[in-house]
Structures are given as structure tokens and as C-alpha cells.
Amino acid sequence: MNPLPLFSLRAVTKRYGHRPVLRELSFDVAPGECVLVLGENGAGKSTLLRLLAALTRPSEGELSFRGRPLRGEAADALRRELGVLSHETRLYPDLTARENLRVFGTLHGVERLGPRSEAVLERVGLGGTPDVPVRVFSSGMTKRLGLARLLLSAPRVVLLDEPYASLDSGSLGLIDGLLGDLQRGGGTAILVTHQYPEGIALCTRAVVLHQGTLRYNQPVAGLDAATCAALLQRATQAAG
């Protein structure tokens, strides 16, 4: 028997006012998958992540988590498993790295918070700056602290929106390590990135969005960066 999908979308449409941002999306995400989401700016990728994080609800259609509509108790269950890394850092600039993790960990009931905070700061290369205010961090250091916060709660479902942006070359392996550990532990990831080689190497399936519609949904086998670029070009030309 096939396992129940982790996420299931059936004719999901999302509008802001009268403007549709996503149009009748239908696909599943199985437990243990790493799904690469591709699309040009404005394709609806970030809106899709907001839906999957239960930060907003479909205007039409049905979005389910583990077989239940993603609202109420199902949304609460998702939040207990979920970790998100996005453009919005949601860090407190006047607090130190250690203090930011303390606030987040306390709100999320992280056990052994002190030792875990020290461990994740070391892992992301911030072990030497735990008491430095975030306001003086570089963009790369801020991104690494966001990653430390993600690691702190040991999520089983991870949504990543351009995680490689602002990371220096020496830190790119942090995302790879996170996704590798997650997959080995049976966790699930959905990754939005313009850096095709990294995404293809880490993910099991690719989804292409164009103007809010689903144009491609296949395993990544046989894909490379050039093929991904060609897929996006074909999607754009088909729409034209």
C-alpha cells in the first residue's frame, strides 16, 4: 500500500483580491521527498510555500496534510513538525545570536535549549559570535543564524525559499548537510532556488510553475542546470 501523501493539492487556487496567483494546482508530496520548485519571478513559488506552511489558505480547491484538510488540528500538527527558512529572517536585531535562539527555543518548547543552542551555533559557524548583536551581522551571518534556528527545533518538514542566497561559498555546504540529514532521517523538504545544480543534486523531483500554473512535475533523473533552464523557457514560450 502506498503511504499517505504528506501534502496533497487538488485544484488549489489562490487569489489576492481578484488576481489569481496560483491556478488549480494538483500534485502530491510524499513523505521523504525533496521537491525542487522552479519558476521565474512572479510564478507563485513563495505563495505556494505560504500555503504549505499554513500561513494562508486556498481561495479554492483542497490542500491536505497527512490526509486531513490543512486547517485546525491538521495545521497545528504541521506546525509541530515544520521548519521554514525564507527571505524574512524574523530575527531580533538588538538581541544576540544566543538570545535569539533562546527566544525561539522557549516559544517552541525545545528541550536542553542551552546545549542545543551552542551546538547549532557551532555547526553553522557562529560559535565564536554567540553574544554579538544581530544588527552588526553580515547578510551571510544573518542567514546562518536563521539556519541555526531551523536546526534548533529538528523539524521533520522543511520549506526553503532561496536558502543559498547571501551564503558565502564556504557556507553552501550547510544547506546540503541539512537536507542530507533530513532525508536520511525520513524527513521531507520543499526547496525553491534559482541555483539549479545544487537543487538537482539534492532533490528527488522537480516542479515547474509559470504564472501560477503547474507546467512540469517529474523526477529529477536526467535533469541538469541546462535542462532546467530549458524547461522554464519552454513554459514561458508555451504561455506566450
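I started at Cys 34, which is buried, with a relative accessible area of 0%; I count a residue as buried under 20% relative accessible area, as exposed over 50% and as partly exposed in between, using a 1.4 Å probe and protein chains only. The model is a predicted one, in which local features need pLDDT of at least 70 and side-chain atom pairs count only at pLDDT 80 or more, while totals for chains, interfaces and linings use all residues. I number residues from 1 along each chain as its sequence is written, and side-chain values use heavy atoms, with hydrogens and water left out.

**Cysteines**

I searched for disulfides, taking one as a pair of cysteine sulfur atoms within 2.5 Å, and the structure holds zero. Cys 34 is therefore in no disulfide by that cut-off, and the nearest cysteine sulfur, that of Cys 203, is 3.0 Å away. Cys 203 is likewise in no disulfide, and I noted that Cys 203 is buried, with a relative accessible area of 6%.

**Strand 3**

Five of the five residues of strand 3, residues 34-38, are buried, so the strand is largely enclosed by the rest of the structure. Cys 34, Leu 36 and Leu 38 point one way from strand 3, whereas Val 35 and Val 37 point the other way.

Which strands are joined to strand 3? Counting two strands as paired if DSSP finds at least two bridges between them, I found four bridges to strand 8 (residues 188-192), which runs parallel to strand 3, and four to strand 9 (residues 205-210), also parallel to strand 3. Cys 34 has Ala 189 as its bridge partner in strand 8, while Leu 38 stands opposite Val 208 in strand 9.

I checked the length of each helix against an expected span of 1.5 Å times one less than its number of residues. The 14 residues of helix 5 (residues 139-152) should span 20 Å, and the end C-alpha atoms are 20 Å apart, which agrees. Helix 5 is mostly covered, with 13 of its 14 residues buried, and it is followed by Ala 154, whose phi is positive, near 45 degrees.

Helix 6 (residues 172-184) has 13 residues and reaches 19 Å from its first C-alpha to its last, close to the 18 Å expected. Its buried residues include Leu 174, Leu 178 and Leu 182, and just after helix 6 I found Gly 186 with a positive phi of about 85 degrees.

**Aromatic rings**

I searched the whole structure for rings of Phe, Tyr and Trp (its six-membered ring) with centres within 6.5 Å, calling planes under 30 degrees apart stacked, over 60 edge-to-face and the rest tilted; the search finds one aromatic pair. The ring centres of Phe 7 and Phe 65 are 5.6 Å apart and their planes lie at 50 degrees, so the pair is tilted. The pair links distant parts of the chain, with Phe 7 in strand 1 (residues 7-16) and Phe 65 in strand 4 (residues 60-65), 58 residues apart. Phe 7 is buried at a relative accessible area of 0%, and Phe 65 is buried at 1%.

**Whole protein**

Terms used: Helices (H or I, at least four residues) and strands (E, at least two) are DSSP runs, numbered from the N terminus.
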